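Please walk through this model with me, one element at a time, keeping the sequence and the coordinates side by side.

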Amino acid sequence: MNYIELKERIFKAIEAYDAELVHLNDDIADHPEVSGEEYETSRKIVELLRSHGYETEYPFSGLPTAFKGIYGANNHKYKIAILTEYDALPEIGHACGHCLSGSISVLAALATKDLQDELNADIHVIGTPIEETDGAKCAMAERGAFDGYDMAIMVHLYNGNLLAPKLQCLASYLYEFHGTAAHASAAPWEGRNAFNAAQLMFHAVDMLRQHVKPDAQFHGIIRNGGEAPNIVPEKVSAEFYIRALDKKYLQKLIDQVDLCAEGAAIATQTAWCKTPTAATYDNMKANSTGIAALAEIYQELGLELNGDSEKIFGSSDAGNVSYVCPGFHPCLQVTEPNVPIHTRGFAEAMKTDRAHQALRDGAKIIALQIAKIFSDEEKIKAMKEDFDRN
């Protein structure tokens, strides 16, 4: 079966399942669950998949709200993972758009489940919770959840259309400084001020900014700054996020921030240590063959590439998956350009007619990417070569 015939079948299937997935999206939007607490959301998705004949492993990969859905005999040459996100943000709900993104992934899976023989590919639905905090895909990748896959894909919602948003690597650490408590008035000379150490670290990191590449970013806050003004603080902690566009450069930046902490500790005669506060996110590994296929699909669907491809998008645990197998994370416009993600305005856009159209368009992007590549052995080979080369 050629690509044109596959495309026709995909569009008919999307039309058939559309109403069911609109209902799922709107229901998840109305009942947001934050990272790690997506119990009802994941249950609803799993029940829907089971109602359409999927065998599901739930919980999956050591996570109570993760799942894996398989349709059919699971005996084909290739394996594809459709990544499915569904966690919300505190207070502002699905301002991340994950209710819609997750529904897009499920609709794409339903639209391609009967094409597995034609493509000689098993198309699995992988539920990946906790994207907004600890990045469950990072732990899942380390545990081998994506081993053996030939491609992974999802669509993220945005205020513009992008084939490959710039995803930064992200590392987060808690730096703790340990000093000696003393009465701040009666015997300050007996104290070793942990707050001064944290303060010096912030100044050092700020001075570091002018000597790093433009994509490097540092964000820090004081987690605890002492107990009372008349007590020399003996324990103070500061949490830092460190970002870069390249994994190797990120490690260099981490080493430099560590030196800032060490220098601050030496200057204040305190001790320091650090612990990770979340998994480290990787950048998205480039794949020119897959991106070229996506460009064709956006053109076929009449979707203008109007997003700023040079603007830093942020960080996502989808990057970690792209270092296990070829991974894709295109963005689909669902609001006007002046409505950024992670805002109440973005959350309010999740049940509009435009969102429902994005549901259909997003499912088409995923399904057509699968059809375009896995109906062509040369494209599969080129995609794998890109992955091995980068």
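Predicted model: local features only at pLDDT ≥ 70, side-chain atom pairs only at ≥ 80, totals over all residues.

Residues are numbered from 1 along each chain as its sequence is written, and side-chain values use heavy atoms, with hydrogens and water left out. Helices (H or I, at least four residues) and strands (E, at least two) are DSSP runs, numbered from the N terminus.

Within H8, the residues Thr 289, Gly 290, Ala 293, Leu 294, Ile 297 and Tyr 298 are buried, where buried means under 20% relative accessible area, with a 1.4 Å probe and protein chains only. Their cover includes helix H1 (3-30), strand E13, strand E14 (331-333), helix H11 and helix H12 (377-389), contact being heavy atoms within 4.5 Å. After H8 comes Gly 302, which has a positive phi, near 70 degrees.

The axes of H1 and H11 come within 9 Å and cross at roughly 145 degrees, the axes being lines fitted to C-alpha atoms over the stretch in contact and the angles running from 0 to 180 degrees between N-to-C directions. Among the residues of H1 that take part are Leu 6, Ile 10, Phe 11 and Ile 14, and H11 contributes residues including Leu 359, Ala 363, Ala 367 and Leu 368.

H11 (residues 353-374) also lies across strands E3 (78-84), E4, E5 (151-153) and E13, running at about 160 degrees to E5. The open sheet has six strands in the order E1-E2-E4-E3-E5-E13, with mixed pairing; two strands pair if DSSP finds at least two bridges between them. Its edge strands, E1 (55-57) and E13 (327-328), each pair on one side only. Strands E2 (residues 67-70) and E4 (residues 121-127) run antiparallel and are joined by three bridges, with Lys 68 standing opposite Ile 126 in E4.

Lastly, the cysteines: a disulfide is a pair of cysteine sulfur atoms within 2.5 Å, and by this rule the count is zero. Cys 96 counts as buried because its relative accessibility is 1%, and Cys 99 counts as buried because its value is 0%.

Technical notes
Buried < 20%, exposed > 50% of the residue type's maximum accessible area, 1.4 Å probe, protein only.
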